[in-house]
Amino acid sequence: MSTVLILPGHGNSGAGHWQSEWELLHPESRRVMQVDWEMPDCADWFECLEKAVASHQGDVVFAAHSLGCLLVAYWAERTVNRIKGAVLVAPPDPQGAVFPSQSLNFSALTLRPFAFPSVVVASTNDVYGSFEFATQCAKIWGSALVNVGDRGHINSDSGLGTWPEGWALLAGWL
């Protein structure tokens with residue numbers, strides 16, 4: 001069986017967030033813990049992700065949210081490790097007006113397709129990243145694109161609960 005590495009964004013994913021629900025509901029899920037959730041450093045987060053991927057025997061699938069999506073893009077360009085696939089939910093636009101200033105070192109996006117299959121999941125009313133930005137990310141990364149409609153930042157405020165539709169997007173890689 002594959003391991004699902006949960007990659008939260010800035011501030012981590014708290015109670016009620018679909019990532020936290022998945023971690024409780026699916027024993028094959030493991031949250032990648034970061035050095036600092038409030039003052040994220042891209043290099044530090046990369047090292048934590050590298051260690052997490054290298055420590056798992058067998059296949060790995062990413063379930064990334066928000067800043068976790070930008071981490072995956074950074075990781076994909078630098079790693080020698082391989083994964084089976086990734087679901088990238090609500091990528092934030094580093095050039096956007098509400099992008100957290102303490103996360104600016106995540107702003108360099110890869111301009112190459114990933115070496116693994118991926119799906120970008122986006123909302124049409126996400127204040128952190130427009131649907132157009134998500135579409136651009138999907139095109140650059142060679143990802144499929146899923147439009148979930150008006151769901152905001154696709155976080156705990158979106159009321160998704162265990163979000164079975166999201167889990168179904170990665171279940172094929174498990």
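Two strands count as paired if DSSP finds at least two bridges between them. The close-up views below are taken from a predicted model.

**View A. Strands β5 and β6 with helix α4.** β5 (residues 118-122) and β6 (residues 144-147) run parallel and are joined by four bridges. Together with helix α4 (residues 131-141), β5 and β6 make a right-handed β-α-β unit.

**View B. The buried side of helix α1.** Helix α1 spans residues 18-25, and its buried residues are Trp18, Gln19, Ser20 and Trp22. These residues pack against four strands and a helix: β1 (3-7), β2 (29-31), β3 (60-65), β4 (85-89) and α5 (164-171).

**View C. Salt bridge between Arg31 and Glu23.** The closest N and O atoms of Arg31 and Glu23 are 2.9 Å apart. Arg31 has a relative accessible area of 14% and is therefore buried, the limit being under 20%. Glu23 counts as partly exposed, at 31% relative accessibility. The structure holds four salt bridges.

**View D. Salt bridge between Lys84 and Asp59.** In this pair the closest N and O atoms lie 3.5 Å apart. The pair links distant parts of the chain, 25 residues apart: Lys84 sits in the loop between α3 (67-78) and β4, and Asp59 in the loop between α2 (42-54) and β3. Lys84 is partly exposed, with a relative accessible area of 32%, and Asp59 is likewise partly exposed, at 39%.

View E. Arg112 forms a salt bridge with Glu77, with 3.8 Å between the closest N and O atoms. This pair, too, links distant parts of the chain: Arg112 belongs to the loop between β4 and β5 and Glu77 to helix α3, 35 residues apart. Arg112 counts as exposed at 52% relative accessibility, whereas Glu77 is partly exposed at 32%. Salt bridges with shared partners join Glu77, Arg78 and Arg112 into one network.

**View F. Thr110 in the loop between β4 and β5.** Thr110 is located in this loop and counts as buried, at 4% relative accessibility. Leaving out residues up to four places away in sequence, Thr110 touches Ala73, Glu77, Ile140 and Trp141.

**View G. A nonpolar surface patch.** Val98, Val127 and Tyr128 form the patch, and together they have about 270 Å² of accessible area. Val98 is found in the loop between β4 and β5 and is partly exposed, with a relative accessible area of 43%.

Methods. Residues are numbered from 1 along each chain as its sequence is written. This is a predicted model: local features need pLDDT of at least 70, side-chain atom pairs count only at pLDDT 80 or more; totals for chains, interfaces and linings use all residues. Side-chain values use heavy atoms; hydrogens and water are left out. Buried means under 20% relative accessible area, exposed over 50%, partly exposed in between (1.4 Å probe, protein chains only). Helices (H or I, at least four residues) and strands (E, at least two) are DSSP runs, numbered from the N terminus. Contact means heavy atoms within 4.5 Å. A crossover is right-handed if, with the strands pointing away from the viewer, the path from the first strand over the helix to the second runs clockwise. Patches are made of residues with over 30% relative accessible area and no salt bridge: like charges are joined within 9 Å, nonpolar side chains (Val, Leu, Ile, Met, Phe, Trp, Tyr) within 5 Å. Accessible areas come from the Shrake-Rupley method with a 1.4 Å probe; for residues, only the protein chains shown count as cover. A salt bridge is a side-chain nitrogen of Lys or Arg within 4 Å of a carboxyl oxygen of Asp or Glu.
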